[in-house]
Amino acid sequence: MKIDFFLPMIPPSHTYQQGSRTAVRDGKVIRYQDEQLKDVKAKFTAYLSKYIPERPMGGALRLITKWCYPIKGDHRDGEYKTSKPDTENSLKLFKDVMTELNYWKDDAQVASEITEKFWADIPGIYVSIEELPPNGN
């Protein structure tokens, strides 16, 4: 199985790393998300809900994402974006939401991952997910 789609949105720049907090209460470490990160999660949930596969994807998966940010300054359409946010920080919450929405059973199934970010005339996030053959070929 393979699915591809484009989420027409301005990709959030607030990431899991920035919005994840910890506190100690009664000797226990508690993790929580700041309000801005909760908003990003809600945005991802709303957009990704439209493309949930009929059944969770199985086995090893390849996830390709292309994050297209609105052009600023002297940048051109299709030019790689080399400023923050970092790709791995952007992807963490995105994959967590996909797991919660049952795109797959566990994001550990993502055995191959390609994430790129660009400046673009049309902002959004392109997503491609495919089940990989069990023998790795």
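This is a predicted model: local features need pLDDT of at least 70, side-chain atom pairs count only at pLDDT 80 or more; totals for chains, interfaces and linings use all residues.
1. Where does threonine 65 lie? You'll find threonine 65 in strand 4. Its relative accessibility is 0%, so threonine 65 counts as buried. Leaving aside residues up to four places away in sequence, threonine 65 touches Leu91, Phe94, Ile114, Thr115, Glu116, Tyr126 and Val127.

2. On to the strand pairing. Strand 4 and strand 6 run antiparallel and are joined by 8 bridges. If you want a pair to click on, arginine 62 has glutamate 130 in strand 6 as its bridge partner. Strand 6 (residues 124–131) is also joined to strand 1, again antiparallel, by 6 bridges. There, aspartate 4 stands opposite serine 128 of strand 6.

3. Now the rings. How many aromatic pairs does the count come to? The tally is 7 aromatic pairs. Take phenylalanine 5 and tyrosine 103: their ring centres are 6.3 Å apart with the planes at 40°, so this pair is tilted. The two residues sit 98 apart in the chain, with phenylalanine 5 in strand 1 (residues 2–7) and tyrosine 103 in the loop between helix 3 (87–100) and strand 5 (110–120). Both phenylalanine 5 and tyrosine 103 are buried.

4. Tyrosine 80 and phenylalanine 118 give you a stacked pair, at 4.9 Å centre to centre and 25° between the planes. This one links distant parts of the chain as well: tyrosine 80 is in the loop between strand 4 (61–70) and helix 3, while phenylalanine 118 is in strand 5, 38 residues away. Is phenylalanine 118 buried or exposed? Its relative accessible area is 14%, and the cut-off for buried is under 20%, so phenylalanine 118 is buried.

5. Back to phenylalanine 5 for a moment. Ring pairs link Phe5, Tyr51, Tyr103 and Trp104 into a cluster, so to speak of the pair in point 4 is to speak of part of that cluster.

6. Last, two lysines worth a look. Lysine 50 lies over the face of tyrosine 47, 5.3 Å from the ring centre. Lysine 81 does likewise over the face of tyrosine 69, at 4.7 Å from the ring centre.

Note on methods. Residues are numbered from 1 along each chain as its sequence is written. Side-chain values use heavy atoms; hydrogens and water are left out. Rings of Phe, Tyr and Trp (its six-membered ring) pair if their centres lie within 6.5 Å; planes under 30 degrees apart count as stacked, over 60 as edge-to-face and the rest as tilted. Helices (H or I, at least four residues) and strands (E, at least two) are DSSP runs, numbered from the N terminus. Buried means under 20% relative accessible area, exposed over 50%, partly exposed in between (1.4 Å probe, protein chains only). A charge sits over a ring if NZ of Lys or CZ of Arg is within 6 Å of the ring centre and within 35 degrees of the ring normal. Contact means heavy atoms within 4.5 Å. Two strands pair if DSSP finds at least two bridges between them.
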